[in-house]
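Welcome, and please open the model in your viewer. We will walk through it one selection at a time.

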Amino acid sequence: ILFIYSDIKAGNILVDADGHICIGDLGMVVKEGHRNSTLNRLHISGTPCYMAPEAITHKHCHCQSDIWSLGITAMELYKGTPPLARFDNEEILQYTVHEEAPSLNSYSDAFPRDPSSSFDAWIHGVLRKDMKERYPIGRVLTHRWLLQAEEGREALVRLLQSIPDLPVLESVEELNPWTEDPNACMQDISWDFSLPPVKAISTSD
């Protein structure tokens, strides 16, 4: 049985102290080929920046869509943001369906880094508009870029070991200090979710 996760992105990836990767937030997982057809027509499941073209147009309900999302996530982890992050949701959906696939050339040169040839080739293989041409999972996992990833795991474990543990809470009140006034937690608090600017993707060769 194959399952489609439908929302692979950096925010849903968990890492334990030994560098093992886990996936969280399983609310949109479906069995391949069994997504409700009415739901398909009325609702887009996923986060726009990471969605494959066929997931947006509802032409297919396929695990290959997760391969596309994995490629976008890899670029996000490498560059800091998804390649289409500067656009609003509707623009992202339209661009993903009608324009060329994102690549590492989609970013500005504000923070230039030269990717390895193996990483660049892996990205090109998993981000193909036609899902039949996209790398299947077997090729994704046996690609030379991932076979070289053990050094990265060791660096990740060292980083995780340098992060101090969270303090142990002794009571529920410590977990929720606003028990007496639930609205107190919203006073004088603001968040800035803006993303750094990313150059518009060129559609020229």
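Start by selecting Asp66, which sits in helix H3; helices (H or I, at least four residues) and strands (E, at least two) are DSSP runs, numbered from the N terminus. Before going on, note that this is a predicted model, where local features need pLDDT of at least 70, side-chain atom pairs count only at pLDDT 80 or more, and totals for chains, interfaces and linings use all residues. Residues are numbered from 1 along each chain as its sequence is written, and side-chain values use heavy atoms, with hydrogens and water left out.

Is Asp66 buried or exposed? Asp66 has a relative accessible area of 10%, so it is buried (buried means under 20% relative accessible area, exposed over 50%, partly exposed in between, with a 1.4 Å probe and protein chains only). Now show Tyr5: the side chain of Asp66 reaches the backbone nitrogen of Tyr5 at 2.7 Å. Leaving aside residues up to four places away in sequence, Asp66 touches Phe3, Ile4, Tyr5, Ser6 and Ile8; contact means heavy atoms within 4.5 Å.

Next, color the largest nonpolar core, a set of 23 residues. Such a core consists of buried Ala, Val, Leu, Ile, Met, Phe, Trp, Tyr and Cys residues joined through side-chain atoms within 4.5 Å. Met75, Phe119, Trp122, Ile123, Val126 and Leu127 touch the most other members. Helix H3 (64-79), helix H4 (89-98) and helix H5 (117-126) each supply at least two residues of this core, and H3 gives the largest share, 6 residues. In soluble globular proteins, nonpolar side chains tend to be buried together.

Zoom in on Phe119. Not counting residues up to four places away in sequence, Phe119 touches Ala74, Tyr78, Leu104 and Trp145.

Now move to Ala17, in the loop between strand E2 (13-15) and strand E3 (21-23). At 54% relative accessibility, Ala17 counts as exposed. Select Leu156 too: the C-alpha atoms of Ala17 and Leu156 are separated by 9.0 Å, though the two are 139 residues apart along the chain. Beyond residues up to four places away in sequence, Ala17 touches Val157 and Leu160.

For the last stop, select Ile21, Leu77, Trp145, Leu146 and Ala149. Of the 28 residues that line the largest pocket, these lie nearest its centre. On a 1 Å grid over the protein atoms alone, a pocket is an open set of points where a 1.4 Å probe fits, with protein on both sides within 12 Å along at least five of seven lines; lining residues have an atom within 4 Å of a point.

Methods. A polar contact is a pair of N or O atoms within 3.5 Å; within protein, one must be able to donate a hydrogen and the other to accept it, and residues adjacent in sequence count only if both atoms are side-chain atoms.
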